[in-house]
Amino acid sequence: MKFHATSLLIGLLLCSLAITAQPPAFRVIAFFTAAEDAAHISFVREANQWFPQMAARYHFVYDTTSNWQQLNQSFLSRYQVVLFLDTRPEGPAQRQAFQRYMENGGAWIGFHFAAFALTPSAVPQNWDWYHYTFLGSGSYVSNTWRPTAAVLQVENRQHPTTRGLPERFRTAPNEWYRWSGDLRQNRNITVLASVHSSSFPLGTGPKPSEIWHSGDYPVVWTNRKYRMVYFNMGHNDMDYEHGTQQTLSHTFSSPVQNQMILQALWWLGTRRDTLITL
C-alpha cells in the first residue's frame with residue numbers, strides 16, 4: 001500500500017513537471033521606440049504590461065526590445081510573430097530583414113503609429129514596399145482629435161481575428177487615422193473592421209478638420225499575401241492641457257477589442273483559428 005501511494009505521488013509529480021515543461025505555443029517579439037509623443041509612450045508601457053499578462057494566461061512568450069538593430073535575420077528566426085508597437089524600422093538593413101521575414105512566412109501585428117508616414121515630416125514616406133505593398137494604406141492624410149471611442153462595424157466575421165465578435169462594438173478611446181491609399185480597391189486587402197456611422201461625429205476638435213462627420217474609415221485590416229494584421233488603435237488620451245502628461249484613457253480597456261487583438265495574435269502565432277474568451 002505504501003509502495004502504491006509513493007508510486008502515485010511520483011507519477012503525479014512527473015505529470016506536473018511534464019505540464020510545466022511544455023514548450024510555449026509561440027514566441028512574440030515586440031519592437032518599440034517610446035520617444036517624444038506622450039500618448040504613444042503611454043500605449044507602449046500599457047502594452048508591455050498587458051501582453052505579458054496574456055502570455056502567462058495563454059502560454060506564449062512575449063519579449064520586447066527598443067534596439068531596432070536586432071531586426072535582423074538571426075534574431076527574427078527565434079520568433080513566430082513580430083509586433084511594431086509604435087514605430088517602424090528606419091535603417092535599410094533592418095527594412096530588408098523585415099521584408100525577407102514577411103516574404104518567407106513570418107507574421108506581424110502593427111499598431112497605430114507603426115503605419116504612419118507623411119512627407120515632409122520626421123517620418124517621411126520613403127519605404128514603398130511597407131506602406132503601399134504590405135500595408136496598402138499609403139501615406140497618412142489626417143486624424144481625429146481628441147482621442148475618442150468609436151463604434152466599429154465588424155466586416156468579416158469569418159476571419160480568425162474577428163470570428164465570434166459582435167457585429168458592432170465600442171472601442172477604447174483612440175486617435176483615428178485616414179490614409180491616402182484606397183484599401184477597398186486593393187484586391188490584396190481584407191478590411192476586418194471600420195468606423196460605423198453611429199460614431200459620427202467622431203472627435204471633438206478644436207479644429208473642424210479633426211472631427212469626422214461622415215466617410216468610410218477602415219481601421220483593422222489584413223493583407224492576404226502576408227500573415228499580418230494592422231490595428232489603428234494605440235494612442236491613449238493624455239492630460240496635455242494641464243501639463244501633467246497623465247494617462248486619461250487606456251487602449252486595453254475594451255474587452256471585445258482585446259479579444260480581437262488576442263485572436264489575431266493567436267492565429268498568427270499558431271496558424272490556428274481559435275476563439276478566445278477573456
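In what order do the 9 strands of the open sheet stand? The order is β2-β1-β3-β4-β11-β10-β9-β6-β7, and the pairing is mixed. The model is predicted, so local features need pLDDT of at least 70 and side-chain atom pairs count only at pLDDT 80 or more, while totals for chains, interfaces and linings use all residues. Residues are numbered from 1 along each chain as its sequence is written, and side-chain values use heavy atoms, with hydrogens and water left out.

View 1. Strands (E, at least two residues) and helices (H or I, at least four) are DSSP runs, numbered from the N terminus. Two strands pair if DSSP finds at least two bridges between them. Strands of a sheet pair through backbone hydrogen bonds, either parallel or antiparallel. At the edges of this sheet stand β2 and β7 (168–170); each has a single partner strand, so one side of each is left without a neighbour in the sheet. On average, neighbouring strands are turned by 20° against each other, direction ignored. Axes are lines fitted to C-alpha atoms, for helices over the stretch in contact, and angles run from 0 to 180 degrees between N-to-C directions.

View 2. Strand β1 covers residues 27–31, and strand β2 covers residues 61–65. The two pair in the parallel sense over 5 bridges. Within this pairing, I29 has D63 of β2 as its bridge partner. Strand β1 is mostly covered, with 4 of its 5 residues buried. Buried means under 20% relative accessible area, exposed over 50%, and partly exposed in between (1.4 Å probe, protein chains only).

**View 3. Strands β4 and β11, with helix α6 on the sheet.** Strand β4 (residues 107–111) and strand β11 (residues 227–231) run parallel and are joined by 5 bridges. The bridge partner of G110 in β11 is Y230. Helix α6 packs on the sheet and touches β1, β3 (81–84), β4, β7, β10 (218–223) and β11. Contact means heavy atoms within 4.5 Å. The direction of α6 makes about 160° with that of β11.

**View 4. Strand β6 between β7 and β9.** Strand β6 (residues 151–154) pairs with β7 in the antiparallel sense over 3 bridges. In this pairing, Q153 stands opposite R168 of β7. Strand β9 (residues 189–195) also runs antiparallel to β6, and 3 bridges join them. Here the bridge partner of V154 is A193 of β9.

**View 5. The crossing of helices α2 and α6.** Helix α2 spans residues 38–58 and helix α6 residues 255–270; their axes come within 12 Å and cross at roughly 60°. The two helices are therefore oblique to each other. Angles under 35 degrees count as roughly parallel, over 145 as roughly antiparallel, 65 to 115 as roughly perpendicular and the rest as oblique. The contact is made by W50, F51, M54 and Y58 of α2 and by N258, I261, L262, L265 and W266 of α6. By class, this contact has 8 nonpolar, 1 polar and no charged residues. Ala, Val, Leu, Ile, Met, Phe, Trp, Tyr, Cys and Pro count as nonpolar, Asp, Glu, Lys and Arg as charged, and the others, Gly among them, as polar.

View 6. T251 is in the loop between β11 and α6. With a relative accessible area of 2%, T251 is buried. Leaving aside neighbours within four places in sequence, T251 is in contact with residues including F43, E46, A172, H235 and N258. A38 is found in helix α2 and counts as buried at 15% relative accessibility. Not counting residues up to four places away in sequence, A38 touches M238, Y240 and Q245.

**View 7. Backbone details in the loops.** Most residues other than glycine have a negative phi, and most peptide bonds are trans. E36, in the loop between β1 and α2, has a positive phi near 75° and counts as exposed at 82% relative accessibility. H59, in the loop between α2 and β2, has a positive phi near 65° and counts as partly exposed at 36%. A cis peptide bond with omega about 0° joins T119 and P120; P120 is in the loop between β4 and α5 (128–134). The bond from G205 to P206 is cis, with omega near 25°, and P206 lies in the loop between β9 and β10.
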